[in-house]
Amino acid sequence: PDGRLLASGDRRGQIIVWDMDGEQPPLQLTAPDDEVFSLMFSPDSQILASAGRNQTITLWDMNNYGILGQPLRGHTAWIESLMFSADGNLLASGDRDGIVIVWDLNIDSWIARACRLANRNLTQIEWERFIPDEVYRTTCSS
């Protein structure tokens with residue numbers, strides 16, 4: 001979004017992230033078992049979403065170049081397009097069959113949902129299993 005990075009993907013699942021300022025060498029990532037059909041940076045350039053033939057979306061942390069959480073699953077056809085909302089909290093994905101899924105990526109939304117479903121605070125073990133990239137905190141206000 002700020003014009004600093006450019007990402008390209010190919011049929012072998014290779015993603016190259018180019019630093020357009022030329023200060024860093026190109027970074028090479030490998031999408032898990034996928035041909036890359038679509039790439040999209042979040043508005044703050046902190047996340048790169050990749051998707052393709054395997055019908056899943058991989059979220060990449062652009063600070064440490066690792067994968068964020070588990071792949072997003074829900075499509076039954078190749079994913080051909082991705083788009084973040086302006087605030088980066090939502091990600092829309094479109095597949096070859098014309099199905100669009102809107103994914104809520106906001107951690108606070110997930111925590112509130114976990115509280116509603118469990119009707120209690122998550123335990124430390126549950127938190128580490130389902131929200132491993134965040135520091136533990138109480139999930140329910142009451």
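Helices here are DSSP runs of H or I with at least four residues, strands are E runs of at least two, and both are numbered from the N terminus. With that in hand, asparagine 119 sits in the loop between helix 1 and helix 2. This is a predicted model, so local features need pLDDT of at least 70 and side-chain atom pairs count only at pLDDT 80 or more, while totals for chains, interfaces and linings use all residues. Residues are numbered from 1 along each chain as its sequence is written, and side-chain values use heavy atoms, with hydrogens and water left out.

**Pockets**

- A pocket is an open set of points on a 1 Å grid over the protein atoms alone, where a 1.4 Å probe fits and protein lies on both sides within 12 Å along at least five of seven lines; lining residues have an atom within 4 Å of a point.
- The largest pocket holds about 1,100 Å³ of space, a volume being the space filled by probe spheres set on the points, which are joined across faces, edges and corners.
- Its lining runs to 33 residues, and Leu105, Ile107, Trp110, Phe130 and Ile131 are the closest to the centre of the largest pocket.
- Strand 6 (56-61), strand 11 (100-104), helix 1 (107-118) and helix 2 (124-130) each give two or more residues to that lining, with helix 1 giving the most, at 6 residues.
- The second largest pocket comes in at about 230 Å³, and of its 16 lining residues Arg4, Leu5, Val17, Met62 and Tyr65 are the closest to the centre.
- Strand 2 (residues 14-19) gives the most to the lining of the second largest pocket, with 3 residues.

**The loop residue**

- Asparagine 119 counts as exposed, at 68% relative accessibility (buried is under 20% relative accessible area, exposed over 50%, partly exposed in between, with a 1.4 Å probe and protein chains only).
- Between asparagine 119 and cysteine 140 there are 21 residues in sequence and 8.0 Å in space, C-alpha to C-alpha.

**Aromatic pairs**

- Rings of Phe, Tyr and Trp (its six-membered ring) pair if their centres lie within 6.5 Å, with planes under 30 degrees apart called stacked, over 60 edge-to-face and the rest tilted; the count comes to 2 aromatic pairs.
- Phenylalanine 37 and tryptophan 78 have ring centres 5.4 Å apart and planes at 55°, so this pair is tilted.
- That pair links distant parts of the chain, 41 residues apart: phenylalanine 37 is in strand 4 (residues 36-41), and tryptophan 78 is in the loop between strand 8 (72-73) and strand 9 (79-84).
- Tryptophan 127 and tyrosine 136 have ring centres 5.4 Å apart and planes at 80°, so they go edge-to-face.
- Tryptophan 127 is buried at 1%, whereas tyrosine 136 is partly exposed at 30%.
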